Amino acid sequence: MKNDIIRIENVWKKYDMGSVEPLVVLKEINLTIKRGEFVAITGPSGSGKSTMVNIVGALDKPSWGSVYLDDENISKMSESSLAFLRGKTIGFIFQQFNLLPNLSALENVMLPMEIIDQDEKKSRETAEKLLTKLGLGDRINHKPNELSGGQQQRVAIARSLANDPEVIIADEPTGNLDSKTGKFIMDFLGELNSNGKTVILITHDLDLVKYAKRIVYIKDGRIEK
Amino acid sequence: MKLKKCFNLAWNILIHSKLRSWLTIIGIIIGIAAVVSIISISQGAQQQLEDRLGSLGADILTVSPGFSKASGPMGGFREGPMDSDSDSSDEQKNLTVKDVLVLKNLDNVKYVMGQVSGKGEMTYLSKTASVSVTGVDESVWKDITYDELASGRFLVQSDFFSVVLGGRLVETTFENKIPLNGKITIEGKSFKVVGILADGNGVYMPLDIARTVLEDVGEEEFSSISVKIEDVEIANETVGLIEKKLMFSRGILNEKNVDFSVSNPSEMQATIQETTQTMSLFLGAIAAISLLVGAIGIANTMFTSVLEKTKEIGIMKAIGAKNKDVLLIFLLNSGMIGLVGGLGGIILGVFGSTLIGYWGSTLSGGESRMFGSTALTPELLIGALLFSLIIGMIAGAIPAYRASKLNPVDALRYQ
């Protein structure tokens, strides 16, 4: 197994703005993330850190350059292959939790497994196990609006782990949480990393950066050395 | 994603949908209900009509005195203004025994029966009513009529003062039901009821007796002649032949002077059927418009639904859903809107057409059962359901395609 899990080579991202000048969000990004690393990507608002992580997470494609996941160039992949990659290899945790409002906690966690055609019974068992591990064993049938912000984020973490992905991408995961719940989430991410998961944390909170083993600072679309 | 999961997610969207979706469904319910009731009512009416016309007998041609414009020689309407010659036909020269004999010798003719008819005063248990009296040739009547006996027998040649009564006459005309073998009086003459028909309001008696009962009926004259033919396929040709032979025997040289008419039930049936079909088509087209409006409603709802669900689509894509999964979920969702609307429409349509059928038979007092029965066939119900499903899916196709093509990052950012 190769040591590098993600390799970004000379990635540019620009948005056409019609009549005005195109907006260049990422400029000449080169970055390698090793398997099992805990990397914090930080920088001021609007620096391009979320755009970069969207590209790493196969949610977006670069305008120029290449992104390799396990040596496979994902910037050239079809939409359907990228979707499979997002489901199987990458787990997302968002600041807004992004749970489906009409599904229960259990159904939300089962969904990534069912998307990749995993057996329903096995999906249910895995989801129950994950939710119990995150302290939500008694909340599995609750809808997101019946859960607190911290509980919702724990459901989102359980969902990100459903398909046992190699990479966890957490975009401002504690942004909407109180400090106690935030600490629980960060400790859990740390534990995941200790168990071998590659964790990419996007934050502008310098207190959270300390959980990471490596910090990448982005400013004005460029990685600052 | 498995089809079952897509189905579950589509169902989840439907049951959690807002009032707007349910209003759309109501639109489809009304459209399908209109189609189902219109088709079932018109099919029922057509069936009734066919049954009734069938009971008249497509193989019985009727020769009547006087010229009817609508069914004159060579069929159809006469064109051009009526000239003075044609007025002679209004004199209504009655048909005679000679005419009967002429008709008996024609090809394709099986039975010929001359009959007289008119109004008579009938008395039963000191109550009197005006009834229609028909004198029939008792030797061929049973062979030529499509009336069915409810009890008793048809007239036979040895009958004199015997009558056969219509079923409805027996049941409803007098306070008391007239029994078989009961005694009635017509125009002062006493008759025995030897048979009761399943339906009808008429009184049937032997021809010679009827001539003594009815006024204005001359000896050897008939009010009409019924002709039973062997092959209905060549009914039109037989009508032509009858006209030709009768014109010859009655010494009529010019078509304008024809003083009789021959009615062809099969031609009448075809015309009536065509009319009811045109009417069904017209009403169906109106119902189809309401369905089209319903379909546009679905498309509108789906566009709004996709807009509302943009963020959820982004989430699903972020956790691995493919474009085709999203497409299928929304396509199934719109299909479900159509299907639920279709189911509701069928229930409402069945209820509506039953109600109209009930009103139809109640308001007409059982006289006209044109709308008294509806035809709710399984084909109609399954067809309506499939149609609503397809309409839903077609209406939802473009919104679903748009949903599937959403960029996950843009969709996730959508508020």
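In this predicted model, residues 69-90 of chain B keep a pLDDT under 50. The model has 31 contacts beyond four places in sequence for that stretch. Where pLDDT is low, the predicted coordinates should not be read in detail. Chain B as a whole has a mean pLDDT of 83, and 88% of its residues reach 70 or more. The model scores ipTM 0.92 and pTM 0.69.

Chain A averages a pLDDT of 92. Within it, 99% of the residues score at least 70.

| Part of the model | Mean pLDDT |
|---|---|
| Chain A | 92 |
| Chain B | 83 |
| Helix α3 (residues 105-115) of chain A, highest in chain A | 96 |
| Helix α7 (residues 206-209) of chain A, lowest in chain A | 88 |

**The fold of chain A**

Chain A has seven helices and ten strands. It holds 225 residues, and 47% of them count as buried. Take the contacts in chain A between residues at least 6 apart in sequence: 69% of these join residues at least 24 apart.

**Where the chains meet**

**Helix α3 of chain A**

Is α3(A) enclosed or open? Eleven of its eleven residues are buried, so α3(A) is largely enclosed by the rest of the structure. Just after the helix, Asp117(A) takes a positive phi of about 65°.

**How α3 packs on α4**

Two packed helices are described by the angle between their axes and the distance between the axes. Helix α3(A) packs against helix α4 (residues 120-133) of chain A at an angle of about 130°. Their axes are 9 Å apart. That angle makes α3(A) oblique to α4(A). The crossing of the two helices is right-handed.

Which residues of α3(A) meet α4(A)? They are Ala105(A), Leu106(A), Val109(A), Met110(A), Met113(A) and Glu114(A). An α-helix has 3.6 residues a turn, so residues three or four places apart point the same way. From α4(A), the partners include Ser123(A), Arg124(A), Ala127(A) and Leu131(A). The residues of this contact divide into eight nonpolar, two polar and four charged.

Lys143(A) sits in the loop between α4 and α5 (149-161) of chain A. Is Lys143(A) buried or partly exposed? It has 15 C-beta neighbours inside 10 Å, so it counts as partly exposed. A residue needs 20 or more such neighbours to be buried. Leaving out residues up to four places away in sequence, Lys143(A) touches Pro101(A) and Ser104(A). Lys143(A) and Asn102(A) are 41 residues apart in sequence. In space, they lie 6.6 Å apart, C-alpha to C-alpha.

Key
Residues numbered from 1 in each chain as written. Chains lettered and ligands numbered in written order. Predicted model: local features only at pLDDT ≥ 70, side-chain atom pairs only at ≥ 80, totals over all residues. pLDDT = per-residue confidence, 0-100. Helix = DSSP H or I, 4+ residues; strand = E, 2+ residues; numbered from the N terminus. Buried ≥ 20, exposed ≤ 12 C-beta atoms within 10 Å, placed from the backbone. Contact = placed C-beta atoms within 7 Å. Axes fitted to C-alpha atoms, helices over the stretch in contact; angles between N-to-C directions. Parallel < 35°, antiparallel > 145°, perpendicular 65-115°, else oblique. Left-handed = near helix turned anticlockwise from the far one by under 90°. Nonpolar A, V, L, I, M, F, W, Y, C, P; charged D, E, K, R; others polar.
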